[in-house]
Amino acid sequence: MIENRKQMLLVISGPSGTGKGTLANLLLEHDPSFSFSVSVTTRPKRDYEIEGVHYFFISDEEYDELLEKDAFLEHATVHGNRYGTLKSQVSKLMAEGKNVLLDIDPQGARQVLKNADDCVSIFILPPSFKALRERLHTRNTDDPVEINRRVHNAHEEVQHVGMYDYTIINDDLDTAFGQLKTIIEAEKLSTARYLPVVEEE
Ligand code: ADP
Ligand code: 5GP
């Protein structure tokens with residue numbers, strides 16, 4: 001059997017605090033065929049973050065230059081900071097034969113859905129807005145004003161769930177991750193990206 005596989009561009013999106021990063025990290029640990037597309041951002045680096053691993057941290061001027069060069073597959077201002085997926089980053093990983101994982105906000109996801117001819121999109125929903133707020137508190141990366149802003153934005157973001165190929169409710173993490181693996185397993189067998197050739201022997 002000759003395996004003919006085309007790589008997958010996987011978009012995981014949803015409101016801030018819904019568990020996108022958690023699920024994305026579990027997938028990256030579980031499935032070495034996936035690589036994370038490192039985004040650029042103008043937001044300040046958090047203590048635990050590593051340049052080039054979590055993000056490429058850049059200035060507003062550098063971001064403007066990238067915009068001018070049409071370097072972004074998608075870009076958005078999210079909760080007051082600017083973020084973007086570099087076309088070069090995605091094509092480099094694809095050239096290495098990797099499936100590429102994007103963890104991006106719903107504005108960016110909408111652009112990828114419009115511009116990329118073949119991507120798999122998953123929207124992660126929280127079980128409730130109360131749970132979402134509690135997760136943002138527990139994560140401890142945002143102050144109460146910022147948490148209010150994110151929960152407020154989430155009410156609008158969940159309205160667009162119908163645009164995505166799949167929805168996962170991240171209530172119990174094991175269940176949600178199981179559903180993510182099921183989607184990936186099925187998508188790897190889709191004839192959109194898997195066309196094996198049967199040989200005589
Ligand atoms: P996002 O990347 O969508 O902003 P995170 O992955 O950072 O969200 O998750 C937000 C917080 O919620 C983190 O503290 C994470 O450990 C926690 N979390 C993620 N999934 C669950 C879950 N199913 N149940 C409870 N807490 C969760
Ligand atoms: P954080 O600053 O907490 O790491 O991320 C804030 C939000 O920005 C999250 O919802 C995350 O998914 C989103 N984000 C991260 N990188 C990108 C990107 O390249 N493009 C877009 N549109 N959103 C991103």
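**Two ligand sites in a predicted model**

Let me start with ligand 2, one of whose oxygen atoms is 3.0 Å from an N or O atom in the side chain of arginine 46, a polar contact (a pair of N or O atoms within 3.5 Å). Two further approaches belong beside that one: an oxygen atom of ligand 2 lies 2.6 Å from an N or O atom in the side chain of serine 39, and a polar side-chain atom of arginine 43 is 2.6 Å from an oxygen atom of the ligand. On its own ligand 2 has 510 Å² of accessible area, and the protein covers 93% of this (Shrake-Rupley method, 1.4 Å probe).

This is a predicted model, in which local features need pLDDT of at least 70 and side-chain atom pairs pLDDT 80 or more, while totals for chains, interfaces and linings use all residues. Residues are numbered from 1 along each chain as written, chains are lettered from A and ligands numbered from 1 in written order, and side-chain values use heavy atoms, without hydrogens or water.

Around ligand 2 there are 16 residues (a heavy atom within 4 Å), of which Ser39, Arg43, Tyr55, Tyr83 and Asp105 come nearest.

Backbone atoms take part here: an N or O atom of the glycine 17 backbone lies 2.7 Å from an oxygen atom of ligand 1, and a polar backbone atom of glycine 21 is 2.8 Å from a ligand oxygen. Asparagine 170 instead places a polar side-chain atom 2.8 Å from a nitrogen atom of ligand 1. Of the 570 Å² that ligand 1 exposes when taken alone, the protein buries 73%.

How values were computed: A polar contact is a pair of N or O atoms within 3.5 Å; within protein, one must be able to donate a hydrogen and the other to accept it, and residues adjacent in sequence count only if both atoms are side-chain atoms.
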